Amino acid sequence: MAIFIYPPTIDWSWMKQRPQQLMKYLARAGHTVYYCNKTQEEAPPEEISPGLYLVKHHERWLKAEWPDIQKRKSAPVIVWCTLPQLSLSLQAYQSDKIIYDCVDEFPQWAPYERNMAATADAIICTSERLFRRITRQYPDKKLALIRNAYDTDMRLHLPGEPDDQQMPEDFPTVPTLGYIGAWAPWIDSKLVTRLAREQSEARVIIIGPEFGRKFLPSRAGLHFPGMKPHHQLPSYLRLLDVCLIPFLLNTVTLATNPIKAYEYLAAGKPVISTGLPECQLMQPFVDVASSPENFLKLVASRLRDPGDCEARRKFALQNTWTHRVKEIEAFVF
């Protein structure tokens, strides 16, 4: 067993993503985990589940509490970092290993990546595109490809759950095409509006926060309830008729392995994606469009015939965070 530290990057409660999921499941596997919030709060660390500690004031914890923990430790310390900008600060933990989890290909991160690669003892990539690039650029670095996954705690794979019958007050009462995630610059807003216009008997619902862009103005066929707490998302997702991944194709999205795809599939829902390479690898469980026109046709087709729900659930259950933690343990230790 090891002690894992996740340095302050995103708060625990803001959009549960790969870091929160991995740290939760590493703790569940028996490791001790310190997840450090980016926001500084005058409060002591909180054990939010067995072995998983939420550090609410990272600076104070690092100076006052972490040295005492180090003195008592009987396990290796592993720093798990997803943000290359933090590379120069990671030596402060005096860890046994530093793992760089390369999760995205944001252009603004590129200037920091060389230092991060030099600092890290090993690199993990979330997509084939990232893995190939990192292999070319850092051929001597220990490297693994470990994708995203499905959180079984969401219970989406269990049909007939009681909240299948609970209709959120802000949910449309017509056939619904849904996207769950950040309303970010990589969303193809023109495609979304065109879909809402052409699928006049359905409603497009966007569930998530504004991230670098504003929601579209209110218009017929579009519904924006905004960001919802993570524990409420299953209630919304189960009610969707078709799930969407309407991403533009650019540097960021071509390297993305979308967590939402696994969650959509766990619920047995039809999933329509634009031409993301990682979604192409999920075929036939994900329908990948070759063009905007094809995207619209695939949505219409899945509204008529949802397809094999059980096969999708099975795929998701073969790709859970428990599986990913086992891959991590085999790679790191």
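Six strands form an open sheet in the order β11-β10-β9-β12-β13-β14, with parallel pairing. Strands here are DSSP runs of E with at least two residues, and helices are runs of H or I with at least four, both numbered from the N terminus; two strands pair if DSSP finds at least two bridges between them. The structure is a predicted model, in which local features need pLDDT of at least 70, side-chain atom pairs count only at pLDDT 80 or more, and totals for chains, interfaces and linings use all residues. Residues are numbered from 1 along each chain as its sequence is written, and side-chain values use heavy atoms, with hydrogens and water left out.

Strand β13 (residues 271-273) runs parallel to β14 and is joined to β14 by 2 bridges. Ile272 has Asp287 of β14 as its bridge partner. Helix α10 (residues 292-304) packs on the sheet and touches β9, β12, β13 and β14, its direction making about 160° with that of β12. Such angles run from 0 to 180 degrees between N-to-C directions, and axes are lines fitted to C-alpha atoms, for helices over the stretch in contact. Helix α5 (residues 189-198) lies across β9 (176-180), β10 (203-207), β11 and β12 (242-245), and runs at about 145° to β10.

The structure holds 17 aromatic pairs. Rings of Phe, Tyr and Trp (its six-membered ring) pair if their centres lie within 6.5 Å; planes under 30 degrees apart count as stacked, over 60 as edge-to-face and the rest as tilted. Trp183 and Phe215 form a tilted pair, with 6.2 Å centre to centre and 40° between the planes. Trp183 lies in the loop between β9 and α5, and Phe215 in the loop between β10 and β11, so the pair ties together parts that are 32 residues apart in sequence.

A further open sheet is formed by 8 strands in the order β3-β4-β2-β1-β5-β6-β7-β8, and its pairing is mixed. Its edge strands are β3 (46-49) and β8 (142-145), each pairing on one side only. From one strand to the next, the twist averages 25°. β3 pairs with strand β4 (residues 52-55) in the antiparallel sense over 3 bridges, and Glu46 stands opposite Leu54 in β4. Helix α2 (residues 58-72) lies across β1 (3-6), β2 (32-36), β4 and β5 (77-81), at about 160° to β2. Helix α12 (residues 321-332) also packs on the sheet, where α12 touches β5, β6 (97-102), β7 (122-125) and β8, and its direction makes about 165° with that of β8.

The axes of helix α1 (residues 18-28) and α12 come within 9 Å and cross at roughly 75°. Angles under 35 degrees count as roughly parallel, over 145 as roughly antiparallel, 65 to 115 as roughly perpendicular and the rest as oblique; α1 and α12 are therefore roughly perpendicular to each other. Contact, meaning heavy atoms within 4.5 Å, is made by Arg18, Gln21, Leu22, Tyr25 and Leu26 of α1 and by Trp321, Thr322, Arg324, Val325 and Ile328 of α12.

The axes of helix α8 (residues 259-266) and helix α11 (residues 309-317) come within 7 Å and cross at roughly 130°. α8 and α11 are therefore oblique to each other. Tyr262, Leu265 and Ala266 in α8 meet Arg312, Arg313, Phe315 and Ala316 in α11.
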